[in-house]
Amino acid sequence: MAKRITFAALILLSLASLWRGTQFFRHQQEALHARGFDGFFLLGLIILGISVLLMPFHLRMTWEKWSAWGLVREYATRFSLIIGALLAIFLLFTFIGLIITLPARLGRGYLILPWLTVLVPLVMVLIDLAQQNIKRTVRNFVAGFGLYAFRIYGLLLIQFITIPVAFVLFPAGFFLQLLSLGDLVARWGFGVYVAERPLLCEWFNLVDGCTPGLISLHIGHLLLALAAAKFGPALFDRASDGYKTGLETIESWLDKN
């Protein structure tokens, strides 16, 4: 019975603390905001709330191990550990966010993408050096940075070229072909006019020379689609082989442990 009373008292005390903190934040939010403390206080409430939710489950799962006094000690110990771990996680993500948005905070928001381009491989090679996956030398730092940059952005470059081109030439392109042909059949065969001009002329703003432009769009797309179907796989294989060769070449520059 003493264990159950202790357990209930601990949970009620935690809930009361959370409720009191929430009420204080609601009434003092403007004052805290004026001093710049509202974000930190809200973060503390979130951490406290997560801890209050987790602790009853932990105590019930290990119920048989504790006496009434043991519950108090376990509650205090685990509660502190959970709060410390959550606080460390939140601070870590806050620090990462500050690093990522550093150019914007310095009034150079347009530099965020170049900054990330440098930051991501830099962090990866620093992790490798810290874990001693590679020897800590200037050569390994430069080669490791180049390896991660090439591994990430080389692959992205191949994907960002291949996927949009394939989508435009095949599903999107043939959809436009069929839509335009249907519009032309309805227009010239049945006298049904969806728009003043043929759809592709309307969408691509072909005011002058609609007919030559329309023919060029249809025939040009078909020629490009045929060329992509014939030469695309070979070009993709060559790009993939070049990517693989580049990775192997840069990896050969690394002096591993």
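So, E196: in this predicted model, that residue is found in the loop between α6 and α7. Is E196 buried or exposed? Exposed, because its relative accessibility comes out at 75%, and the cut-off for that label is over 50%. If we leave aside the neighbours within four places in sequence, E196 is in contact with R187 and E202.

Where does α8 bend? At F231, by about 50°, and there's a proline, P233, following within four residues. As for what's tucked away, the buried residues of α8 are C210, G213, L214, H218, H221, A225, Y243, G246, L247 and I250. The cover over those buried residues includes α6, which is 138-189, and α7, which is 199-203.

Now over to helix α2, residues 38-61. That's 24 residues, and at 1.5 Å a residue they should span 34 Å; the end C-alpha atoms sit 35 Å apart, so the two agree. There's a list of buried residues here too: L43, L45, I47, L48, G49, S51, V52, M55, P56 and L59. What covers them? α1, residues 2-35, and α3, residues 68-100, are among the elements that do.

Let me finish with how α1 and α2 sit together. Their axes are 10 Å apart, and the packing angle is about 165°. Anything over 145 degrees counts as roughly antiparallel, and therefore that's what we call this pair. And the handedness, if you're looking at it on the screen: α1 and α2 make a left-handed crossing.

How values were computed: Residues are numbered from 1 along each chain as its sequence is written. This is a predicted model: local features need pLDDT of at least 70, side-chain atom pairs count only at pLDDT 80 or more; totals for chains, interfaces and linings use all residues. Side-chain values use heavy atoms; hydrogens and water are left out. The bend at a residue is the angle between axes fitted to the seven residues ending there and the seven starting there. Helices (H or I, at least four residues) and strands (E, at least two) are DSSP runs, numbered from the N terminus. Buried means under 20% relative accessible area, exposed over 50%, partly exposed in between (1.4 Å probe, protein chains only). Contact means heavy atoms within 4.5 Å. The expected span of a helix is 1.5 Å times one less than its number of residues. Axes are lines fitted to C-alpha atoms, for helices over the stretch in contact, and angles run from 0 to 180 degrees between N-to-C directions. Angles under 35 degrees count as roughly parallel, over 145 as roughly antiparallel, 65 to 115 as roughly perpendicular and the rest as oblique. A crossing is left-handed if the near helix is turned anticlockwise from the far one by less than a right angle, and right-handed if clockwise.
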